[in-house]
Amino acid sequence: MIVRCLGIAFALVCSGAWGAAPALPKGLGGLGTSPPAADSAVDETDSALSRDLTLAGFWEGRSGIRTQDDPNQNQATLGETRLQLRLEHADERVTARLTTDFLLDAVQDQDQHGLDQADGEGYVDLREASLAFRVIKQADIKAGRQILTWGTGDLIFVNDLFPKDWVSFLIGRDVEYLKAPSTSVKLALFSDFANLDLVYTPRFEPDRYIDGDRLSFFNPLENRLVGEDDNLHTDVPDQWWHDDEFALRLHRQLFGYQFAVYGYRGYWKSPAGFDLTNGDGIFPALSVVGASVEGPLAAGIGNLEIGYYDSRDDRDGDDPGIRNSELRVLAGYRQELARDLTLGLQYYLERMQDYGDYRDSLPPDNPSQDRSRHMLTTRLTRLELDQNLRLSLFVFYSPSDDDGYVRPSATFSVDDHWTLEGGANWFFGDEKHTFFGQFQDDTNLYAAIRYNFAQ
């Protein structure tokens, strides 16, 4: 279906049916890809090496520690220093961007040298190496290693199937590292009716998932928490041009609301099953279709998003080694309660398909999931000291699993260059096998200092 849509899209472009495209801003904003948060802060400074070439970046030190003993892990969760360099050339024809992180990490095993970009560990993490240019008036292309995102959720992703770095998110790295890069080509088509984004990734890019190397998790095959001494081995689909991914988004603004429909064909992004012969984690085939709407609601902004996950390798739902198909629904609302005080609320549902077959296929003594997993989130953000101090509290709570995750953080901008940050990742739950309950031994505190620069 996606290949057919690509063909239709190209035919429309060639026939001239698409209207005039919006102007392409300097940088990459015109391609609909938001740069990492740190970029915008530095881009506002006078950073020109020459009229078309800029160099910016940051250095930071970051450390973290568990607040309890974990028999499967070291006490420290973070102990790294990071230098990020961002080099960008932009003119009226093309934008080229190279963003590279150089790392020294006292916690991670540095035997993983910096050329394996799948997990982001090691000495080098290539965040971006891309070219963006306009093909014709109705079409832009961005190709290369890049960070992609879409959808309406706040830290909850329904139709955004681009890779995430869950390890960084849970140990206290800057939230910009939740989005992991992929090597992809993005084609953006513009028309008066709607805009269409098409993304092709020639080799599957998984999440940077929890494998026990730094965070402990519940392994259902062993029916216990495992960690560094028994981390998860995986079989990742990795053949170029064969194990590929397609994603699309058709979107338009109408009556002040942003409507979108989505499609994806690829694989579950984190291990969604096990090879029952050797215990390795696997990435079953997955297709997703969905839709979203976002716009004004009462005194704030509301959003609604839905997605159906078709687990193609087990459509009957009776294979105990593969995750079942499921329906996902997200509803959200955010509003400024007072000056510099914002509240965000979300409700999220995962509803498993073929639940009876799932229960019948479970091995004896293996804990079972409920058919529906409900989750509520609250984000409270307060700015103080002339907006130089940002206080944030994000709470996940699941009434069906009776577990949760609390993320308090404080960020203080000392001046235009120096930033201090501190926070916590606190997990709780009654059961060791539930989504957040499995991470109770990973509860941690972290602190960071960062120096931003531009030349």
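## A hairpin with a positive phi

Let's start at a turn: Asp402 takes a positive phi near 50° in the hairpin of E19 and E20. Four residues lie between the two strands of this hairpin. Please keep in mind that the model is predicted.

## On to the next strand

E20 also pairs with E21, again in the antiparallel sense, and here the pairing extends over nine bridges. These two strands form a hairpin as well, with four residues between them. Within this pairing, Gly404 has Phe428 of E21 as its bridge partner.

## A nonpolar patch on the surface

E21, which spans 418–429, has a part in another feature: along with strand E2 (76–90), it supplies at least two residues of a nonpolar surface patch. The patch is formed by Trp59, Leu83, Leu85, Phe102, Leu385, Phe412, Val414, Trp418, Leu420 and Ile449. Together these residues have about 780 Å² of accessible area.

Leu420 is a handy member to look at, as its place is in strand E21. Is Leu420 buried, partly exposed or exposed? Its relative accessibility is 38%, so Leu420 counts as partly exposed; the partly exposed class lies between the buried limit of under 20% and the exposed limit of over 50%.

How values were computed
Residues are numbered from 1 along each chain as its sequence is written. This is a predicted model: local features need pLDDT of at least 70, side-chain atom pairs count only at pLDDT 80 or more; totals for chains, interfaces and linings use all residues. Side-chain values use heavy atoms; hydrogens and water are left out. Patches are made of residues with over 30% relative accessible area and no salt bridge: like charges are joined within 9 Å, nonpolar side chains (Val, Leu, Ile, Met, Phe, Trp, Tyr) within 5 Å. Accessible areas come from the Shrake-Rupley method with a 1.4 Å probe; for residues, only the protein chains shown count as cover. A salt bridge is a side-chain nitrogen of Lys or Arg within 4 Å of a carboxyl oxygen of Asp or Glu. Buried means under 20% relative accessible area, exposed over 50%, partly exposed in between (1.4 Å probe, protein chains only). Two strands pair if DSSP finds at least two bridges between them.
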